[in-house]
Amino acid sequence: MDLSESLDVNVVQEIRQALLNHLVLVFRDQSLYPARLAEIGRYFGSLHINPFVSGTDGVKEVISIRSEENHEKRFTGLWHSDISWDALPSLGSMLYAVTLPDWGGDTLFSNMNLAYDTLSPGYKQLLEGLKAEHRVDRFHHSRAEFSDVSDPVMHPIVRTHPETNRKSLFVNEYFTSRLADMSEQESRPILDYLFAHSIRPDFTCRISWSLGTLVFWDNRCTQHYATNDYVGQSRLMHRVTITGDEPF
Ligand code: SIN
């Protein structure tokens, strides 16, 4: 389909249902400027404005995820669900490929429904009712820079999808720092196990980008990882993030 054209309500409903069924949707050969990307996102909910990243071409809801040829600090390298550090984490994100390296730069996705389903009954019981802390500054040295803007939040480790009612694991190595009422050190064995379990290859898919590809994923029941295997080349993506509900 051509996402640059306005979308009929039935088509929007079809895309929404496809997202619930498949978790990650790929639209090839699109031609989208930032304002249109924001419009497409708004068909599915209100858009998050990132307090740490400015917008793109005057569109404050569209962030640019950029790796320059000689850029050391790449926006990549850790599995996560977008803005899980927010009290209202994201419903889903749309990422659009603007500039791509000649090779590499794929994005991996993990199905957190499967990650939950495949835990043993005993482990599921252990996690029942537990919460974990998510914080935007977990991997940033200058914690003070963030702390004024975003306090850490507690979310259930097992969340129920508000539309499908399926249970999924909701922890990620980028933003989840500890279990509620425990120190970071005490939390490590459980979190490390869950991080490793969640990204078993059996639960993942890998998207290879081409120019004009748009990927729409459900952040409530997936994690993703941007591979950093294209050193010396540049990559530019535009992203909108749709606001979701309070996890339960
Ligand atoms: C993201 O983490 O949202 C960006 C993923 C990517 O650049 O592939």
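Analyst: What follows is a set of questions about labels, each answered with a value and a cut-off.

Analyst: This is a predicted model, where local features need pLDDT of at least 70, side-chain atom pairs count only at pLDDT 80 or more, and totals for chains, interfaces and linings use all residues. Residues are numbered from 1 along each chain as its sequence is written, and side-chain values use heavy atoms, with hydrogens and water left out.

User: Why is Val215 called buried?

Analyst: Its relative accessible area is 0%. Buried means under 20%, exposed means over 50%, and partly exposed lies in between (1.4 Å probe, protein chains only). The value for Val215 is 0%, so Val215 is buried.

User: What does Val215 touch?

Analyst: Contact means heavy atoms within 4.5 Å. Not counting residues up to four places away in sequence, Val215 touches Val24, Leu25, Val26, Ser93, Met94, Leu95, Phe109, Ile207 and Trp209.

User: Where does Val215 sit?

Analyst: Val215 is in strand β11, residues 214–218. Helices (H or I, at least four residues) and strands (E, at least two) are DSSP runs, numbered from the N terminus.

User: How do you know that β3 and β11 pair?

Analyst: Two strands pair if DSSP finds at least two bridges between them. β3 and β11 have five bridges, in the antiparallel sense. Leu95 stands opposite Val215 in β11.

User: Which sense and how many bridges are there for β3 and β13?

Analyst: That pairing is antiparallel and runs over eight bridges. Met94 has Val240 as its bridge partner in β13.

User: What makes β3 mostly covered?

Analyst: Strand β3 spans residues 90–99, and eight of its ten residues are buried. Ser93 is in β3. The relative accessible area of Ser93 is 0%, so Ser93 is buried.

User: What makes the link between Ser93 and Asn219 a polar contact?

Analyst: A polar contact is a pair of N or O atoms within 3.5 Å; within protein, one must be able to donate a hydrogen and the other to accept it, and residues adjacent in sequence count only if both atoms are side-chain atoms. The side chains of Ser93 and Asn219 make such a contact at 2.9 Å. Ser93 also touches other residues, including Asp82, Phe216, Arg239 and Thr241.

User: Why is Thr164 called partly exposed?

Analyst: Thr164 has 30% relative accessibility, so Thr164 counts as partly exposed. Thr164 is in the loop between β7 (158–160) and β8 (167–169).

User: Why is β12 called largely enclosed?

Analyst: Four of the five residues of β12 are buried, so the rest of the structure largely encloses this strand. β12 pairs with strand β4 (residues 107–111) in the antiparallel sense, over five bridges. Ser110 stands opposite Gln223 in β12.

User: Which residues of helix α2 are buried, and what covers them?

Analyst: In α2 (residues 34–42), Pro34, Arg36, Leu37, Ala38, Ile40 and Gly41 are buried. Their cover includes β3, β11 and β13.

User: Now the ligand. What makes a residue near it?

Analyst: A residue is near a molecule or strand if one of its heavy atoms lies within 4 Å of it. Eleven residues surround the ligand, and the closest are His80, Thr107, His224, Arg235 and Arg239.

User: Which polar side-chain atoms lie by an oxygen atom of the ligand, and at what distance?

Analyst: One belongs to Thr107, at 2.6 Å. Another belongs to Arg235, at 2.8 Å. His224 has one at 3.0 Å.

User: How much of the ligand does the protein cover?

Analyst: The protein covers 100% of the 260 Å² of accessible area that the ligand has on its own. Such areas come from the Shrake-Rupley method with a 1.4 Å probe; for residues, only the protein chains shown count as cover.

User: Which elements give two or more residues to the shell around the ligand?

Analyst: They are β12 (222–226) and β13 (235–243).

User: How do the shell residues divide by type?

Analyst: Five are nonpolar, three polar and three charged. Ala, Val, Leu, Ile, Met, Phe, Trp, Tyr, Cys and Pro count as nonpolar, Asp, Glu, Lys and Arg as charged, and the others, Gly among them, as polar.
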